[in-house]
Amino acid sequence: MESPLSKTTHLTSSSNRWFRWRNRVNRLSGLSGTTETAQSQVSVGMGLLAGSTVMLLTVIWGTCVIVGRCNLHDSVAVDGTITKGFSLTETGVSTDIWTCYAARIMAVSVIPFIIVQLPQVLNSTSGRHLVVLIALIVSVSMLVSYCLYQVIQPWIQRRRLAFAKHKHFISQILVHLKKQALGKLLTDDGEPNTEIIKKLFETIDENRDGSLSHSELKAFMIGIRFEEINFDKDDAVIKVMADFDTSHDSVVQPEEFVKGITKWINEAKRTGGAYLEPNSGTFKFIDRFYQQTKREHDLLGPEEQSDEVVDRVENPGWISFKAVLMLLLGTIIAAAFADPLVDAVDNFSDATSIPSFFVSFIALPLATNSSEAVSAIIFASRKKQRTASLTFSELYGAVTMNNVLCLSVFLALIYIRGLTWDFSSEVLVVLIVCIVMGAFASFRTTFPLWTCSVAYILYPFSLALVYVLDYIFGWS
């Protein structure tokens, strides 16, 4: 029979193990231990955050442009074609419009940095703790919003692609009808030529029954070569019926045909503009409408990419739950290894006489981003718009998560432990690189080879800026 003393000893031992485990977790997470240790952890973390952001948007970004370059034709990269070597202006990469949106989101994600830095900018010592809390709330809100956007983005992408595809489909039918009408689809003042449209109706109406059936419209569609879009003829007929058959009797009457074509022409005029060629004296807005819808369709990315996205979000609820779990797991792992990482950085810094900040700003990003760099470069080397779009979107997405997730962790630690936010040089570097590259990538989808020089120049500039601010002017 176990004695009361042995029971007490056993309970005491279990209690000690529990307290030792709890203290170890608290110390590793930065929630316990000395203030100096927690401050050191945040300092290394901020250096790693800034260094990762700079490396992703400069060295890795520029390298992806080099390895992914293709010949440029009409300011668009031709998939898999590289015959012009390292031409700075005639080779480059092209991305879709969604990559531009990712770059804009990345640029917006620096807002919490600006908020938390306001007291330093205003040289104010009051209210800094409150400002950290406000920045934390904004950062967490942006993190949640970004995650929700990632969930609903495939649906938005499919809808926009379908809309652009429909507009391009309309433009190609108008171009075909214009050829059938020998250029007389429009009157001299650029308005729809009703008489010609009626004659086109009679041409399509093979059985001369005064209405267009599904089979007659399909026969007409077979004569059109739909370029750049994979359009099923039955699907095309359904779309025409939906636009023209206002009486819902499954046939298109002459007045419905005239009204439908007139609506399409007016839409082309609004989009393409009633542009008059000075030499030929004819209106060219239908051709311009075709070119614009083609470009819009191309910018939204290839259809197979959209299909791939659909497959990935068959169970959005489970994927969202899994994503949250992965975020939590990543945060726990980062907290668990924070203390050993700080010790390793300090020891390496002491052994090499290199300032610990530069170790975290230069050496750690090289190690932590190596797999992402290799993956991005391999993807870019496939030399396709689709893979280039995925590559650069991943880079912008990684920086966005740095700016909202990692910053949220640091701000929470600073607020809970009452630490000092004193990272002016890191914030300035992050702001400069994110805003410059974000603005650079937000309004263009093609990057000639010369653009990689912008990224490569930013990297040494960032290092020099940190050195000047930290070790000459005393910013920290």
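Me: What is T391 in contact with, leaving aside its neighbours within four places in sequence?

Reply: T391 is in contact with C64, A376, F379 and A380, leaving aside its neighbours within four places in sequence. Contact means heavy atoms within 4.5 Å. The model is a predicted one, where local features need pLDDT of at least 70 and side-chain atom pairs count only at pLDDT 80 or more, while totals for chains, interfaces and linings use all residues. Residues are numbered from 1 along each chain as its sequence is written, and side-chain values use heavy atoms, with hydrogens and water left out.

Me: Why is T391 called buried?

Reply: Buried means under 20% relative accessible area, exposed means over 50%, and partly exposed is in between (1.4 Å probe, protein chains only). T391 has a relative accessible area of 3%, so T391 is buried. T391 is found in helix α16, residues 385–417. Helices are DSSP runs of H or I with at least four residues, strands are runs of E with at least two, and both are numbered from the N terminus.

Me: How far apart are the C-alpha atoms of T391 and I377?

Reply: They are separated by 7.9 Å, and the two residues are 14 residues apart along the chain.

Me: What makes N402 buried or exposed?

Reply: N402 has 13% relative accessibility, so N402 counts as buried. N402 also has its place in helix α16. Leaving aside neighbours within four places in sequence, N402 is in contact with L49, S52, T53, L56 and L407.

Me: Where is T99, and why does it carry the label buried?

Reply: T99 is found in helix α3, residues 97–108. Its relative accessible area is 2%, so T99 is buried. Beyond the neighbours within four places in sequence, T99 is in contact with S389, F392, S393 and Y396.

Me: How do you know that the side chain of T99 reaches the backbone oxygen of S389?

Reply: The distance is 3.5 Å. A polar contact is a pair of N or O atoms within 3.5 Å; within protein, one must be able to donate a hydrogen and the other to accept it, and residues adjacent in sequence count only if both atoms are side-chain atoms.

Me: Which residues of α3 are buried?

Reply: They are I97, W98, T99, C100, A102, A103 and M106. An α-helix has 3.6 residues a turn, so residues three or four places apart point the same way.

Me: What makes α17 largely enclosed?

Reply: In α17, 14 of the 19 residues are buried, so the helix is largely enclosed by the rest of the structure. Helix α17 covers residues 424–442 and reaches 26 Å from its first C-alpha to its last, close to the 27 Å expected at 1.5 Å a residue.

Me: What is meant by a nonpolar core, and which residues touch the most other members of the largest one?

Reply: A nonpolar core is a set of buried Ala, Val, Leu, Ile, Met, Phe, Trp, Tyr and Cys residues joined through side-chain atoms within 4.5 Å. The largest has 63 residues, and W61, F113, F392, Y396 and W421 touch the most other members. Helix α2 (residues 35–67) gives the largest share of this core, 13 residues. A second, separate core of 35 residues includes I197, A236, V258 and I261.

Me: How many disulfides are there?

Reply: A disulfide is a pair of cysteine sulfur atoms within 2.5 Å. By this rule the count is zero.

Me: Are C100 and C147 buried, exposed or partly exposed, and why?

Reply: C100 is buried because its relative accessible area is 2%. C147, at 28% relative accessibility, counts as partly exposed.

Me: Why is S75 called exposed?

Reply: S75 has a relative accessible area of 56%, so S75 is exposed. S75 is in the loop between β1 (70–73) and β2 (76–77). Its phi is positive, about 65 degrees, although S75 is not a glycine.

Note on methods: The expected span of a helix is 1.5 Å times one less than its number of residues.
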